[in-house]
Every structure is written in C-alpha cells, then in structure tokens.
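Have the viewer open as you read.

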Amino acid sequence: MAVIPKYTLKSLFEAGDLMTEVNFVDFIDSAYNPTLVAGADIQLTTVSTPSGDTITISSTGGGGAPIIEGPGIDITTVGSDKKISIDLNTGQTNLIFDGNDKLTFAGVHIKDEGTAVGTYPTINFVGVDVLAEDSGTPGQVNVYIPTPTFASHYDTTDGTTNGRVTENTPRNTVRISTPDSEGIPFFTGGWAGTNRAAYNGTGAGQNVLITAQQVTGLSPTGSGDATIQIIVTDGGGNEISNNTSTVLDGPLNQITPDLHCSIQVSSYAQDTSKWKGIIQVSVNIPKVFQDAGLSGGRYFIKTIMTTDTLTDGGNTYSYIQDDVFWDKNDLGGYPSSPQINGISSIVENNSSILSKHLSGVEYYVGGSQFEVDVTDIDYLNSNTQGRSNAAQWNFQVLGADYGLSPIQEEAWNPSPGMSFPGWDNKYDTLDIDFDYDNWAITASNYRFRNNDASVAARAWDPWLTGLPPQTASSSQPILIDTYGITSDNLTERFDDENERLTTVGGSYTGFNSVQPLVSSGLTNQTTSVLTTGPFCQAAVVGGTLIRPDKFYADNGNSPDTNDLIGNLVSYKPNGGTGSPNPNPNYNQASYQVPATFHRLFEASPTNQGRPIASFELTFSGSFVGGTVYDSLVSNDLRIYVRKKAAASGSNIGITAIPHSLHNSNPFSGSYQDPPAGIDDNTQSQCRTTTSASSVISGSFGTSPALDGFYIEVQIHNPLIRIGGISAKIIFSSGSPTTESGGNV
C-alpha cells in the first residue's frame with residue numbers, strides 16, 4: 001500500500017477528517033523518533049522542509065586501511081575507482097577464466113603414452129591392476145600400478161591369504177535338559193528338550209578362535225588404533241563377557257583383566273602400506289559362566305576386528321560363532337555321573353512263560369518273557385542327556401545270562417512297552433525308575449544252566465568316559481535251552497529227544513521228555529555176563545549224553561563239566577502259572593548207575609526195503625582212553641545193535657539178541673544171527689573197526705538188515721560224554737550205495 005507523508009497525515013488531523021489532533025499527534029510523536037545520533041567518524045547534517053527533515057550522513061575518517069599489491073596482484077586506478085588484477089602463470093592451463101570471466105580449475109591434463117586424452121578435474125582409476133587409496137598424509141593419494149598384494153581382512157578371503165577364522169570348540173549333539181527357569185541355573189534359549197550341539201570342558205583351550213593365516217589391517221608398531229573385541233552372549237541374549245584388546249601394533253600376548261580372554265598376535269609383519277598378523281582369541285568359557293553365576297548353558301562368541309584407521313580406514317570385520325551349549329556338569333562332583341541308588345530285579349512273566357523239557361528237566365526257550373525293574377536312578381539329566389558325546393541311549397540293562405537282548409534306551413524316548421516312571425526333562429530329577437514287563441529271550445542256540453543268573457543296569461551322561469558302575473540283580477537259578485530239533489533219521493546231536501525211544505513196557509515207544517528220568521528201577525535193558533544192572537535212563541544235557549548225576553553247569557554257552565549241579569529242584573522254570581512242578585534231583589544215588597539211551601537209525605522212505613549190508617557210526621564227545629573205539633574196547637561204553645527188520649529170520653526188534661560194537665574182540669567173520677548169547681565174543685560181535693578211531697564200522701554179515709537198526713547205548717563210565725552220533729547205511733546193492741546222516 002502507499003505510504004502517506006508525515007505532514008500530510010498531520011494536515012488531515014488538523015482538518016478534523018480523522019482522529020482528534022491531540023490524540024494522534026501523540027501517536028506520531030511516539031512512532032517517529034526525530035533524533036539520530038552520529039557515531040565515530042560520522043557527521044549528520046539536517047535540512048528541514050515542509051515535507052520533513054533530510055539527514056545527510058558523512059564520513060570524517062580516513063577511509064580504512066589501504067589495499068596493497070602483492071605477488072601476482074596488480075592495483076590500477078581508473079578514475080575514482082581501484083581495479084584489482086590477478087596475474088596467472090601463462091605457462092599453465094589448469095587454472096583458467098571461463099566464458100563468464102570466472103576463474104575455474106580446468107583439471108589435470110591426461111596423456112596415454114604421450115597422446116593427449118583430455119583435461120579432467122576428476123580421475124577415476126578402474127581395473128584390478130590399479131589401486132588408489134588415501135595415503136594418510138593430508139593432500140596425498142597413493143596410486144598403485146599394479147595393485148599391491150595385501151593379506152585378507154579378518155574372517156575373509158578378500159586378499160592373498162586365507163583370513164577365515166577357525167575354532168576348536170567341540171560340538172556333540174546331545175539332549176538339552178530343562179532348568180528351573182531360564183537362567184536358573186542356566187539358559188537354554190529355547191533348546192530345552194531338543195538335541196543340540198554341546199560339549200563339556202574345564203579349561204580355556206576349548207574356545208580358541210584363530211585366523212588360518214595372516215590378516216591385514218593391524219596398526220604400525222607403536223601407533224594406530226586396530227583392536228579386536230570379544231563378546232560372549234548367553235542363551236538369554238545377555239552379554240556376559242565383553243573385552244577389547246589393546247592396540248594390535250605388533251606381536252601380542254594379552255590376558256584380559258577379568259581372565260575371560262587371551263589375545264595373541266603372531267607372524268606380525270608389514271603388508272605393503274599396511275600391517276598384518278595371525279590373530280588368535282581364546283575364551284575361558286568356564287570362567288565366563290562362573291562369573292555370570294551360571295552352571296553352563298547356551299552361548300555364542302562374537303569377535304569384531306576394527307582395522308587401523310590411518311592405514312586401512314578403520315573398517316570392522318567380524319566372526320560370529322554358531323550357538324553351542326556348555327555343560328558344567330557338576331551336580332554331585334566334576335564331572336557328575338548318574339547314580340542308581342536303588343535295585344535291579346528280574347522275575348519271570350507268569351503269563352508269558354515258554355518252556356520245553358529235556359530228560360525230565362524244564363528249560364526256558366526263545367520268546368519266554370521276563371519283567372525287569374530298576375529303581376531310584378538319580379542325576380540322569382544333569383544339564384544334558386545322552387552317552388558317548390551323543391544324544392543316544394543313556395540307560396542300559398544287560399541280561400546275557402537270560403539270553404535277553406540288551407535294553408538300550410533313551411530315557412526321554414523309551415521304546416513301546418518300556419517306561420521311566422518319575423522321569424521328566426528337568427536337569428536335577430531324582431528317583432527315576434525303569435520298568436519293562438515283556439523282555440523276551442531272543443538268543444538262538446543258547447544255553448544257560450546255573451544258579452547265578454542276573455541282570456545289570458547302567459546309566460550314562462554324555463561326558464562319562466569308560467563304563468559306569470552297574471547295579472546287578474540278585475542271582476537266580478535258571479535253566480535255558482533255545483536249541484531246536486536237530487536230530488533226524490540218521491543224525492543224533494543230543495539237542496533234543498525227538499528221535500529218542502524207551503523200552504519201558506517191553507516195546508520201543510517214543511520217549512517222554514517231561515517226566516523225570518527213570519532211576520535204578522529201569523526195566524528191559526540189555527544185560528549179560530558183563531553187567532546185570534541196575535540201570536537208569538541217560539540224560540541229554542547241553543548237546544551231550546551223560547549219566548544223570550553228571551549234570552553240569554553252563555554259564556551261557558560256556559559249559560563247565562567240572563561244575564556239577566544235579567540237584568535242580570530250585571531251578572526255574574518250574575511250571576509257570578500252574579502248581580509248582582520242581583525240577584528233579586539227579587544227585588541221588590539211584591542215578592549213579594549205568595545209564596542207557598535208545599534210538600532207531602532208519603533209511604529214508606525212498607530206501608526202505610533195500611538190504612543193508614553194513615553201517616558206520618561217527619561219534620563226537622569225550623571218551624575214556626581217547627577215542628570212542630578205546631571206550632568200546634574197554635567196555636566203558638557199550639553199544640548193542642538190533643535190526644529193525646530182516647530179509648530172513650526173526651531176530652529183529654526189541655526182543656532180538658543184539659550184536660555188539662563193544663568188547664575187545666572185533667567181528668570174527670563167523671557172524672551168527674541170532675548169536676548164541678548176548679556179548680558172545682565169537683558170535684555177537686559186529687564191529688569191524690580194529691584201531692582207535694571216531695568212526696566205528698559194523699557188519700550184518702550174511703543176514704542183511706532192512707529199513708534200519710536200533711542202538712542201545714550204555715554209559716558205564718561216568719566220565720563219558722557223547723556229543724553226537726551220525727549213521728551211515730551201506731546197502732548190499734543198487735544205487736545209491738549209501739545214505740548218511742549229518743555232521744556231529
């Protein structure tokens with residue numbers, strides 16, 4: 001808007017067109033201050049006019065300091081003005097006046113092999129064979145052609161060396177237990193109840209982080225600011241250790257004041273315009289956790305190297321360790337071990353007893369089940385769980401005496417049917433039990449006969465070396481035989497009594513293995529001038545045929561014939577869930593008499609009816625005199641032979657007058673059928689073998705047998721144990737000429 005002069009405004013007031021004159025004069029006087037004060041070297045001149053006062057301001061001083069010429073500066077007077085000129089070196093064309101008369105920097109003149117490229121204010125170095133970097137000296141850049149070789153930076157391979165950090169922290173996958181709460185007494189960071197990397201160690205030597213080779217960025221000797229920082233963070237995200245080294249300006253061997261870390265620099269050397277060395281950091285994790293009030297736990301280490309500012313720009317390079325769990329493992333000692341403070345016990349499962357009988361003695365067989373219990377297992381979970389540095393079975397029960405496969409269980413993941421009452425994942429759980437009611441015999445071709453059968457339990461933690469102590473059950477008298485039927489028409493291995501016969505009642509009938517052996521009242525056995533009895537039935541024990549009172553122990557496929565256990569009354573099994581049916585006592589005097597065994601060696605159905613001219617019997621076992629031949633000749637072992645059938649004559653079957661394989665005289669060639677009498681040395685002998693051998697040959701002379709022949713074995717010397725008999729039948733004619741049993 002337009003400005004109204006003061007006098008015009010005043011005249012308006014005087015004319016009465018606006019506010020009253022008196023009031024507005026006061027306003028004008030307050031709004032306009034007519035007083036102006038001159039300062040130093042200033043003169044004021046006032047000229048009053050109807051339109052107002054005109055004030056002139058004049059300087060009375062000398063005008064200030066003069067402008068003085070200098071090198072390259074000229075001052076020229078042009079009228080009342082001064083002209084200042086700057087002289088430029090005409091020999092250079094880097095500083096120029098542009099088209100707007102402005103002084104400017106044209107740039108640096110660039111030539112390539114003498115040929116001008118151009119003038120540029122900025123130079124950009126491109127390519128792998130050139131390097132431009134700040135020299136550290138103000139105003140100076142270092143350009144390297146070709147590129148200098150520097151070692152790699154910390155935990156990189158960006159240079160000529162392998163700067164990667166390696167560590168020796170053990171890593172074993174074990175199960176992590178549950179603390180009272182996170183941080184009490186350890187942090188898991190969500191690892192509780194899972195299988196994770198962990199270790200157990202007591203010193204600083206298990207967290208050594210070292211560069212594989214020299215790394216660059218260290219400081220020059222005696223100056224600079226390169227450092228390395230070491231941070232330990234627990235599973236709760238808390239920094240529980242944080243240390244920074246002194247300046248890395250030479251060989252170094254430093255231990256931090258809190259004793260948490262040691263820092264070493266080795267192979268320190270100049271690296272062109274930088275400095276390099278091997279950096280090693282060792283962290284004493286047990287000390288770190290001790291100072292943090294933790295009994296181990298999840299953690300990781302982070303190292304941060306800051307390079308020298310002057311020579312490498314003060315950049316940072318870091319290495320972060322993968323999380324790992326350190327187990328102090330000191331519950332109950334260092335290291336702690338689980339303890340079985342209760343008992344181990346085993347009993348038969350009454351509803352799942354499987355058994356068989358041999359010679360009146362009951363044996364457990366494959367599939368028979370037992371119930372096992374172990375009580376009061378303590379400290380099985382101390383911070384971590386497992387065995388042999390791994391999250392694998394940490395509880396074991398061995399039942400080798402019983403022919404049971406080992407129980408090897410992860411307490412946190414038991415197999416079906418097995419349980420750990422009282423177990424939870426907590427690190428300090430006490431009074432854990434183990435229970436399994438269906439532990440079945442699995443061993444095949446296995447025997448045990450003794451009164452000291454037991455099972456033994458063991459418990460592990462991951463860091464235990466060697467075997468922990470075992471807790472064994474009380475000893476029990478048991479009998480086990482898991483051999484199946486191995487006898488056949490021409491083979492007798494004494495693993496079973498499938499082919500065994502009895503003559504009680506005056507005829508050949510199948511043998512009753514359940515009933516106790518008939519003692520000295522046994523009837524219908526062969527007697528002669530050599531012996532008149534009494535006889536008992538021989539016992540099949542552990543794959544041998546023996547006199548019953550020589551019933552011997554076996555410690556698990558480890559027979560001991562010197563350990564006689566003939567009184568079996570207390571031995572199990574003894575009838576299972578029914579009324580007790582005690583095993584027999586073969587120590588009685590009535591069993592201390594010659595013992596007999598009967599069976600038939602018979603041709604196969606395809607060879608039935610073919611005349612049998614002779615036979616061979618191959619024996620294994622232990623015999624008086626050395627071989628079965630020696631025992632037969634001495635009559636310590638007597639074997640009678642009766643034809644099952646014959647092409648002619650009636651001297652067959654149980655009523656036949658037998659021929660003999662024993663006695664000192666062999667087959668005479670004047671074979672009589674029937675012989676004049678039992679053990680008649682001139683007529684009854686059928687043995688053709690005349691020297692010590694395990695193979696005994698016999699002949700039927702001029703009266704061939706048909707189908708097969710019976711043998712009656714009489715053990716007259718209690719030291720004899722027959723391990724097996726295999727028969728070979730030799731036919732009179734036709735093909736095949738022979739038929740043989742299996743090996744014994």
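## Ground rules

Before we get to single residues, one cut-off: a residue is called buried when its relative accessible area is under 20%, exposed when that value is over 50%, and partly exposed in between. Keep in mind, too, that this is a predicted model.

## The big picture

The chain runs to 744 residues, and 44% of them count as buried.

## Two cis prolines

Which residues does the cis peptide bond with omega of about 0° join, going into Pro534? The partner is Gly533. To find the spot in the viewer, look in the loop between strand S40 (509–510) and strand S41 (536–537), where Pro534 lies.

Another cis bond leads from Asp673 to Pro674, again with omega near 0°. Pro674 also sits in a loop, this one running between strand S49 (659–660) and strand S50 (695–699).

## Positive phi without glycine

Thr272 isn't a glycine, yet its phi is positive, near 60°. You'll find Thr272 in the loop between strand S19 (261–271) and strand S20 (274–283). Its relative accessibility is 37%, so Thr272 counts as partly exposed.

Asp376 is another non-glycine with a positive phi, here about 55°. Asp376 belongs to a strand, namely S28 (residues 369–378). With a relative accessibility of 22%, Asp376 counts as partly exposed, because the buried class takes values under 20%.

## Cysteines and disulfides

A quick reminder: a disulfide is a covalent bond between the sulfur atoms of two cysteines. How many disulfides does the structure hold? The count is zero.

What about the cover over individual cysteines? Cys536 has a relative accessibility of 0%, so Cys536 counts as buried. Is Cys686 buried or exposed? Its relative accessible area is 1%, so Cys686 is buried.

Definitions and conventions:
Residues are numbered from 1 along each chain as its sequence is written. This is a predicted model: local features need pLDDT of at least 70, side-chain atom pairs count only at pLDDT 80 or more; totals for chains, interfaces and linings use all residues. Side-chain values use heavy atoms; hydrogens and water are left out. Buried means under 20% relative accessible area, exposed over 50%, partly exposed in between (1.4 Å probe, protein chains only). Helices (H or I, at least four residues) and strands (E, at least two) are DSSP runs, numbered from the N terminus. A disulfide is a pair of cysteine sulfur atoms within 2.5 Å.
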